[in-house]
Amino acid sequence: VSRALGGVPGVVVQDFFGGNDQPRIQIRGSGLQQNPVERGVLMLQDGLPLNRADGSYIVGFANPRRAESIEVYRGYMANRLGATVLGGALNFVSPTGSSRPGFELSAAGGSFGQLGASAQGGFRRGDVDGLLGLDISRRDGFRDYNDSERIAVGGNLGVKHSGNVSTRFFAGYTDLDFDVAGPLTWDGLRADPRRVHGGPSLVGGAAVNPGPNVLRDRPPREASQYLVGARTTATFDAHLVDVALGYTHTDDTFRFPISSGIRTTRGGDVTGLVRYAYNPDAAVLPLAEATAQITNGSADRVNYINRGGTRGARFGESELDARTLSL
């Protein structure tokens with residue numbers, strides 16, 4: 001994500017520890033929360049949100065390698081997608097069988113154990129087209145505790161009902177796993193930038209060099225998300241009506257870099273969207289536009305005590321419910 005968006009004006013992307021480990025994305029200062037989940041930006045795949053109903057999202061689920069294009073909505077421009085989208089939006093548009101027919105296979109490798117492979121196949125038969133893709137990547141990382149892996153598979157199927165009405169179905173699954181190498185002190189960085197922090201040290205009976213004990217706790221993040229959805233679009237002269245329905249299920253386990261515990265969150269979110277646009281001159285942006293979107297979700301959350309890098313006893317359970325209506 002950082003390489004795909006690094007040169008886009010108005011978008012700030014900052015890597016933390018390398019790999020797929022939560023780069024910070026801000027569009028005109030929109031970052032409201034950075035860790036362990038982000039808010040402030042609406043992340044979309046084919047117009048359907050990767051965000052949870054409460055606005056949170058995991059950056060690693062966005063995969064520019066499987067996107068044909070990326071739409072960037074800066075600041076107030078994202079109000080086209082709903083009044084609650086105040087900080088901007090990013091939409092990762094997947095290729096289709098019509099735009100990328102045939103079969104593609106690629107493989108790549110690089111320093112620090114970086115390996116990647118992807119396969120994609122698309123077809124078009126009359127009024128039906130489809131595409132299926134697979135992307136696998138892994139990396140050992142520059143630092144001592146910096147492994148990351150990601151597997152993503154997804155596809156879409158489009159059906160043209162008539163000359164002005166069409167429906168496209170989407171489905172995808174992403175599995176993300178990476179080590180959280182954590183921060184270093186300035187002296188530790190200059191001494192050995194590959195190392196990870198081993199916690200505070202005692203000097204004269206006082207603790208100095210505060211920070212996480214990565215050597216002991218071994219903090220990682222393991223998250224997966226699958227999504228299904230459909231979108232029907234109808235055009236009548238200068239009028240466009242768009243109706244979409246999507247569902248995402250997210251399973252997220254995060255072991256904090258500090259010894260505050262391990263948090264597991266599992267839940268699903270349903271999104272419904274209706275959009276109308278009036279564009280008499282076929283311009284880039286419509287003359288008039290209206291959007292209504294509602295997202296409803298719930299999740300179960302369990303917190304565990306972190307004992308030497310393993311799960312200990314539960315110390316908290318909760319049920320989370322959120323819904324957002326945007327006009």
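A pocket is an open set of grid points with protein on both sides within 12 Å along at least five of seven lines. In this predicted model, the largest pocket has a volume of about 850 Å³. Its lining is made up of 33 residues. Asp 46, Arg 231, Thr 233, Asp 242 and Arg 275 are the closest to the centre of the pocket. By class, the lining of the largest pocket divides into ten nonpolar, eleven polar and twelve charged residues. Strand β11 gives the largest share of this lining, with four residues.

Rolling a probe the size of a water molecule over the atoms shows where empty space is left. Across the whole structure, the search finds three cavities of 30 Å³ or more. The largest cavity holds about 180 Å³ of space. Two or more residues of its lining come from each of β10 (148-160), β11 (165-179) and β14 (220-236). The lining of the largest cavity consists of 18 residues. Nearest the centre of this cavity lie Gln 45, Phe 61, Asn 63, Arg 66 and Thr 174. Ten residues of the lining are nonpolar, seven are polar and one is charged.

The overall fold comes next. The protein chain contains three helices and 18 strands. Its radius of gyration is 22 Å, close to the 20 Å that the globule rule gives for 327 residues, so the chain is as compact as a globular protein of that length. The C-alpha trace spans about 80 × 40 × 40 Å along its principal axes. Of the 327 residues, 42% count as buried. Contacts were also sorted by separation along the chain. Among contacts with a separation of 6 or more, 56% are between residues 24 or more positions apart.

Strand β8 (residues 114-125) runs antiparallel to strand β9 (residues 128-139), and eleven bridges join the two. Within this pair, Phe 123 stands opposite Gly 130 in β9. The hairpin of β8 and β9 has two residues between the strands. In this hairpin, Gly 126 takes a positive phi near 65°. Strand β9 is also joined to β10, by twelve bridges, and these two strands run antiparallel. Here Asp 135 has Ala 152 in β10 as its bridge partner.

Backbone angles single out two further residues. Most residues other than glycine have a negative phi, and most peptide bonds are trans. Phe 112 is not a glycine, yet it has a positive phi of about 60°. This residue lies in the loop between β7 (102-110) and β8. Phe 112 counts as partly exposed because its relative accessibility is 34%, which falls between the limits of 20% and 50%. Asp 237 also has a positive phi, near 55°, and is a residue other than glycine. Its place is in the loop between β14 and β15 (239-255). With a relative accessible area of 85%, Asp 237 is exposed, since the exposed class starts over 50%.

Key:
Residues are numbered from 1 along each chain as its sequence is written. This is a predicted model: local features need pLDDT of at least 70, side-chain atom pairs count only at pLDDT 80 or more; totals for chains, interfaces and linings use all residues. Side-chain values use heavy atoms; hydrogens and water are left out. On a 1 Å grid over the protein atoms alone, a cavity is a set of points where a 1.4 Å probe fits but cannot get out, and a pocket is an open set with protein on both sides within 12 Å along at least five of seven lines; lining residues have an atom within 4 Å of a point. Grid points are joined across faces, edges and corners, and a volume is the space filled by probe spheres set on the points. Ala, Val, Leu, Ile, Met, Phe, Trp, Tyr, Cys and Pro count as nonpolar, Asp, Glu, Lys and Arg as charged, and the others, Gly among them, as polar. Two strands pair if DSSP finds at least two bridges between them. Buried means under 20% relative accessible area, exposed over 50%, partly exposed in between (1.4 Å probe, protein chains only). The radius of gyration is taken over C-alpha atoms; the globule rule is 2.2 Å times the number of residues to the power 0.38. Contact means heavy atoms within 4.5 Å.
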